[in-house]
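Hi everyone, thanks for making time. Let me put the structure up, and then I'll walk you through a few bits of it.

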Amino acid sequence: MVDLERGGQVFIAYKGTEFKQSEIENALLEICPEDYSIKCISDDNVVFAKIVFYKFKSERDPFWNRKEGIITVNGYNQDELERANKVFAFYNIEDIDRYHMLTNYMYRDYRNNLFKALSSHMHFCSAIYDKNADSIIAGVTKPNSKYTHLYYGYTKQNKEFMFSNDENVLESFCGEINEIPDNTFMKNGELYTLDDEKVNKDRF
C-alpha cells in the first residue's frame, strides 16, 4: 500500500545528462498512488517531475513560466499555501489549483529572498530552475510534514545534482544523499541561510 502523504507530493528536480526523462518518471511511477499520475516538464537537460492527482494534472506544479524562463516545483501544505496567497494577494492567483504558481512569481520578483519572504507564512520546500542563469536553486524553510523536507544527491557517474522531497526516491540515481538543513537554500552547490549568507558546512 502506497503512503498517500508520501506519494501524493513527491518530486524530482534534475539538471544533467546521465538520466533520461523516462527514467525519472519511472522512479516516481513506482511510488505513485492510485488515481495519481506524473506531471513532467523538461527543457534541454532539465527535468522537473512530480506526482499529482490526475484530475488536476494540467493545473498542478511543476509550473513553467516560459516568459521568464523559470520552472518551479514545490512540497507544501495546501492550507498554508492558500493563506500565503492571501498575504501576497497582489499576485492575483485566485484559482486554488494554481496557488502553487506563487513561488514562481515570487522568485521572479524576490529571487533568493523568496524563501525568507514566505518562511513566516508557510512550511515548504522548492526547487527552481532559472533558465537565464542556467542553474537550479533549491531551498527549504522548517519542515512540518514528510513532503516539506528537501534532499539532494550527486548522480553516481556524472556527479550531477538531483533534488527531491523524498530521500528514498533518490537512491536509484545518487550515491550519498543529504538533507538540506532547515531554513537554508542551495545555489551552485553552496548552502546559504535565508538571509543569503554562505553557510559553513562544518556546522552540519
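A disulfide, by the way, is a covalent bond between the sulfur atoms of two cysteines; here the cut-off is a pair of cysteine sulfur atoms within 2.5 Å. The structure holds 0 disulfides. For C32, the nearest cysteine sulfur belongs to C40, 13 Å away.

A quick word on what you're looking at: this is a predicted model, where local features need pLDDT of at least 70, side-chain atom pairs count only at pLDDT 80 or more, and totals for chains, interfaces and linings use all residues. Residues are numbered from 1 along each chain as its sequence is written, and side-chain values use heavy atoms, leaving out hydrogens and water.

Back to the cysteines. C174 is buried, with a relative accessible area of 3%, and C32 counts as buried too, at 16%. Buried means under 20% relative accessible area, exposed over 50%, partly exposed in between (1.4 Å probe, protein chains only).

Now helix α2, residues 21–29: I24, A27 and L28 are buried there. They cover an arc of only 95 degrees around the axis, so they are on the same side of α2. That arc is taken from the directions from the helix axis to the C-beta atoms. Helices (H or I, at least four residues) and strands (E, at least two) are DSSP runs, numbered from the N terminus.
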